[in-house]
Amino acid sequence: MHWMLMPLRRYADFSGRSRRKEYWMFFLFNWLLGFAVGFLAFLLYAMGLSETAMMAILTPVLALYAIAAIAFVIPGLAVTIRRLHDTDRSGWAILWGLVPIIGAFMLLVFYVTEGTRGPNRFGPDPVDDREPASAFA
């Protein structure tokens, strides 16, 4: 849970670096919130509630979810830029996402790539205790 909420603590901090764990756990947290809301809607539908009853329950839930989704835009952008910094790329590399298909694939590769070991131009290594790539290293 610590890693899921760390980007919220660094809400609008676009400087520095974020490790893969912080990035992916934050987006897992967002996905789980969306899944929970969708699952609630499915359960209400499966229970056979009337549309009025379903909307009475779902309206406040969807309103809270919309507020959370809007609030998570800035920390999501910030953690994405810090993740790019960890791979020694400028935050402007996020604009590759505007290129259809190829851009999204490139960004995915950037996000899953291990960060630069040691300090880089964006700051110190966020992972001081990285395990060696090999057991014999």
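Let me start with a term: buried means under 20% relative accessible area, exposed means over 50%, and partly exposed lies in between, with a 1.4 Å probe and protein chains only. Take Ile101. At 75% relative accessibility, Ile101 counts as exposed. Ile101 sits in the loop between H4 and H5. Its phi is near 60°, a positive value in a residue other than glycine.

Now, what are we looking at? This is a predicted model, where local features need pLDDT of at least 70, side-chain atom pairs count only at pLDDT 80 or more, and totals for chains, interfaces and linings use all residues. Residues are numbered from 1 along each chain as its sequence is written, and side-chain values use heavy atoms, with hydrogens and water left out.

Helices next. Here a helix is a DSSP run of H or I, at least four residues, numbered from the N terminus. Start with helix H1, residues 2-9, and H2: their axes come within 7 Å and cross at roughly 95°. Axes are lines fitted to C-alpha atoms, for helices over the stretch in contact, and angles run from 0 to 180 degrees between N-to-C directions. Angles under 35 degrees count as roughly parallel, over 145 as roughly antiparallel, 65 to 115 as roughly perpendicular, and the rest as oblique. So H1 and H2 are roughly perpendicular to each other. Among the residues in this contact are Trp3 and Met4 of H1, and Phe26 and Phe29 of H2. Contact means heavy atoms within 4.5 Å.

How do the axes of H2 and H3 cross? Roughly at 175°, and they come within 11 Å. That makes H2 roughly antiparallel to H3. Several residues meet there, including Leu33, Gly34 and Val37 in H2, and Met54, Ile57 and Leu58 in H3.

On to salt bridges. A salt bridge is a side-chain nitrogen of Lys or Arg within 4 Å of a carboxyl oxygen of Asp or Glu. By this rule the count comes to eight. One of them joins Arg82 and Glu22, at 3.0 Å, N to O. This pair links distant parts of the chain: Arg82 is in helix H4, Glu22 is in helix H2, and they are 60 residues apart. Are they buried or exposed? Both Arg82 and Glu22 are buried. They also belong to a network of salt bridges with Arg10 and Asp13.

Another bridge joins Asp86 and Arg83, at 2.6 Å, N to O. Being three residues apart in helix H4, Asp86 and Arg83 are separated by about one helical turn. Asp86 is buried, at 1% relative accessible area. Arg83 is buried too, at 0%.

Then there is Arg121 with Asp88, closest N and O atoms 3.2 Å apart. Arg121 is in the segment after H5, Asp88 is in the loop between H4 and H5, and 33 residues separate them. Arg121 is exposed, at 61%. Asp88 is partly exposed, at 33%. Asp88 also has a positive phi of about 60°, although it is not a glycine.

Stay in that loop for Ser90. Ser90 is partly exposed, at 28%. Not counting residues up to four places away in sequence, Ser90 touches Leu84, His85, Arg121 and Phe122.

Last stop, Phe35 in helix H2, residues 20-46. At 47% relative accessibility, Phe35 counts as partly exposed.

Terms used. Helices (H or I, at least four residues) and strands (E, at least two) are DSSP runs, numbered from the N terminus.
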